[in-house]
Amino acid sequence: AKQVAAFIFGHGEMNKDQRGIKTFEYRSFSLTIKDPLSKFPENFSKEYIEKYVKEFMEGVGEGLDDFAYTYHERIFKRWGNQVERALNILKKDANTRRVLISLWDPQTDMESSNPPCLDFIWPCVRNNKLEFHVVYRSHHLATITNEGKLVKGEGALVPNLYAIATLQQKMSKDLNIERGNLYLTDFSGHLYVAEK
């Protein structure tokens with residue numbers, strides 16, 4: 001997160017979002033993560049990351065927060081279990097390009113005050129490894145001070161990548177293949193600037 005924050009602080013554009021929050025934004029920001037599960041994330045408590053992953057993977061805590069959605073509900077429930085359907089297709093044809101886990105609801109999300117930031121995951125098997133290509137419409141990567149210093153425990157990049165990589169690991173085990181790279185694209189990768 002520190003390198004990402006430094007890059008966006010140095011190369012992004014400063015503006016205010018629709019809520020008046022000062023941000024540094026870099027559009028169409030892309031990142032390749034070779035092994036996001038190799039070490040436990042820094043700057044976040046283990047309890048927080050584990051709770052986030054449980055909500056993402058199992059729906060634990062759904063309905064208890066003020067969020068209009070959870071990723072788990074959209075991936076596993078709203079339109080059926082998309083992971084199970086994706087696995088069934090990949091088991092039949094590992095070379096397919098047609099598997100897409102979608103979280104965007106075109107009926108409601110454009111007018112919603114709280115649409116999902118994560119919009120789709122394209123799982124594909126290449127070189128006998130399960131790759132994940134992940135697209136965020138909007139991604140609060142981290143929070144920084146006015147001087148560009150990273151605020152610890154803030155932002156969604158680290159918990160999101162850890163949860164998504166956990167799903168990738170589960171799917172690769174179900175397919176009995178290795179987990180490959182995780183490719184992230186953020187249409188709006190941004191940093192919030194902490195107000196003093």
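Two strands pair if DSSP finds at least two bridges between them. The model discussed here is predicted.

Q: How many bridges join strand β5 to β6, and do they run parallel or antiparallel?
A: Strand β5 covers residues 129-144. Its residue isoleucine 144 stands opposite valine 193 in β6. The count of bridges joining β5 to β6 is 13, and the two strands run parallel.

Q: Which helix makes a β-α-β unit with β5 and β6?
A: β5 and β6 are joined by bridges and run parallel. The β-α-β unit they belong to is right-handed. Its helix is α5.

Q: What is the order of the strands in the open sheet?
A: The sheet has six strands, with mixed pairing. Its edge strands are β1 (13-16) and β3 (101-102), and each pairs on one side only. The order is β1-β2-β6-β5-β4-β3.

Q: Which residue in β2 is the bridge partner of lysine 16?
A: Four bridges join β1 to strand β2 (residues 22-33). These two strands run antiparallel. The partner of lysine 16 is lysine 22.

Q: Which residue in β6 stands opposite threonine 23?
A: Strand β6 spans residues 178-193. It is joined to β2 by 10 bridges, and the two run antiparallel. Opposite threonine 23 stands tyrosine 192.

Q: Which residue in β4 stands opposite isoleucine 101?
A: Two bridges join β3 to strand β4 (residues 118-126). The strands run antiparallel. The residue opposite isoleucine 101 is isoleucine 121.

Q: Which residue takes a positive phi in the hairpin of β4 and β5?
A: Eight bridges join β4 to β5, which run antiparallel. Two residues lie between the strands of the hairpin. The positive phi, near 55°, belongs to asparagine 127.

Q: Why are α2 and α5 called oblique to each other?
A: Helix α2 (residues 46-58) packs against helix α5 (residues 157-175) with their axes 9 Å apart. Roughly parallel needs an angle under 35 degrees, and roughly perpendicular needs 65 to 115. The angle here is about 50°. The two helices are therefore oblique.

Q: How many nonpolar residues are in the contact of α2 with α5?
A: The crossing of these helices is right-handed. From α2, the contact includes Tyr48, Ile49 and Phe56, and from α5 it includes Val158, Leu167 and Lys170. Two residues of the contact are polar and one is charged. The nonpolar residues number 12.

Notes
Residues numbered from 1 in each chain as written. Predicted model: local features only at pLDDT ≥ 70, side-chain atom pairs only at ≥ 80, totals over all residues. Heavy atoms only, no water. Axes fitted to C-alpha atoms, helices over the stretch in contact; angles between N-to-C directions. Parallel < 35°, antiparallel > 145°, perpendicular 65-115°, else oblique. Left-handed = near helix turned anticlockwise from the far one by under 90°. Contact = heavy atoms within 4.5 Å. Nonpolar A, V, L, I, M, F, W, Y, C, P; charged D, E, K, R; others polar. Right-handed = clockwise from strand over helix to strand, strands pointing away.
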